[in-house]
Amino acid sequence: MRSYLIKHGIVAFVAAFLLTFSIAKFEVFSSIQFPLWASFAFLNLLFLLVFVLLNRSLKMASQQHFMTFFGTTFAIKFFAALGWMLYWGLMKGVKSNAFILSFFAIYFAFLFTMMVEIWFSTKRKTP
């Protein structure tokens with residue numbers, strides 16, 4: 001768990017730096033500053049929650065439990081991200097391509113970090 005928190009923290013720091021830089025340098029990002037930071041916070045919390053669930057499932061004895069939790073966490077990530085994008089797109093009227101690209105760039109960076117940690121956690125697990 002500690003290893004993931006360090007990796008996630010590094011990726012979050014880099015993403016926050018790039019977000020700050022983009023907001024300062026590009027007008028298209030400065031007009032949607034609040035949705036970008038809200039999405040950043042939302043994705044941080046979402047991926048930390050999902051990793052806690054997956055990490056807990058790795059401690060279970062059977063592979064069936066892990067696959068059930070893996071499917072559940074995939075659904076949680078998918079529907080939470082879909083709901084978040086629909087909220088900002090339909091309810092708040094944020095229809096910027098910059099927002100969509102930034103959201104999914106952060107999403108896939110956190111997803112990649114989590115999958116790498118899960119991969120190495122399963123490799124370290126004793127049979």
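Guide: Let us begin with contact, a term that means heavy atoms within 4.5 Å. Leaving aside neighbours within four places in sequence, Ala80 is in contact with Phe42, Leu46 and Ala75. The C-alpha atoms of Ala80 and Leu46 are separated by 8.1 Å, although the two residues are 34 residues apart along the chain.

Visitor: What should I know about the model and its numbering?

Guide: This is a predicted model, where local features need pLDDT of at least 70 and side-chain atom pairs count only at pLDDT 80 or more, while totals for chains, interfaces and linings use all residues. Residues are numbered from 1 along each chain as its sequence is written, and side-chain values use heavy atoms, with hydrogens and water left out.

Visitor: How many helices and strands does the chain have?

Guide: Helices (H or I, at least four residues) and strands (E, at least two) are DSSP runs, numbered from the N terminus. Here the chain has five helices and zero strands, so the order from the N terminus on reads α-α-α-α-α. Along the principal axes, the C-alpha atoms of the chain fill a box of roughly 55 × 30 × 15 Å.

Visitor: How do I read burial, and is Ala80 buried or partly exposed?

Guide: Buried means under 20% relative accessible area, exposed means over 50%, and partly exposed lies in between (1.4 Å probe, protein chains only). With a relative accessible area of 21%, Ala80 is partly exposed. Thr68, also in helix 4, is partly exposed at 42%. Over the chain of 127 residues, buried residues make up 39%.

Visitor: And the surface of the whole chain?

Guide: Accessible areas come from the Shrake-Rupley method with a 1.4 Å probe, and for residues only the protein chains shown count as cover. The chain exposes about 7900 Å², of which carbon and sulfur atoms supply 75%.

Visitor: Which residues does His8 touch?

Guide: His8 lies in helix 1 and is buried, with a relative accessible area of 4%. Not counting residues up to four places away in sequence, His8 touches Asn44, Phe47, Leu48, Phe110 and Thr113. For the chain as a whole, take the contacts between residues at least 6 apart in sequence: 72% of them join residues at least 24 apart.

Visitor: Where is Ser96 found?

Guide: Ser96 is in the loop between helix 4 and helix 5. Its relative accessible area is 16%, so Ser96 counts as buried. Val28 and Ile32 are in contact with Ser96, once neighbours within four places in sequence are left aside.

Visitor: What does Ile118 touch?

Guide: Ile118 lies in helix 5 and counts as buried at 6% relative accessibility. Phe51, Leu54, Leu58 and Phe66 are the residues that Ile118 touches, not counting those up to four places away in sequence. The C-alpha atoms of Ile118 and Ile32 are separated by 33 Å, and the two residues are 86 residues apart along the chain.

Visitor: How many salt bridges does the structure hold?

Guide: A salt bridge is a side-chain nitrogen of Lys or Arg within 4 Å of a carboxyl oxygen of Asp or Glu. The structure holds one, in which the side chains of Glu117 and Lys7 meet at 2.7 Å, N to O. This pair links distant parts of the chain, with Glu117 in helix 5 and Lys7 in helix 1, 110 residues apart. Glu117 counts as buried at 1% relative accessibility, whereas Lys7 counts as partly exposed at 28%.

Visitor: Last topic: which residues line the largest pocket?

Guide: On a 1 Å grid over the protein atoms alone, a pocket is an open set of points where a 1.4 Å probe fits, with protein on both sides within 12 Å along at least five of seven lines; lining residues have an atom within 4 Å of a point. In this structure, the largest pocket is lined by Val11, Val14, Ala15, Leu18, Leu19, Ser22, Phe29, Ser102, Ala105, Ile106 and Ala109. Helix 1 (2-25) and helix 5 (97-124) are the elements that give two or more residues to this lining, and helix 1 gives the most, with six residues.
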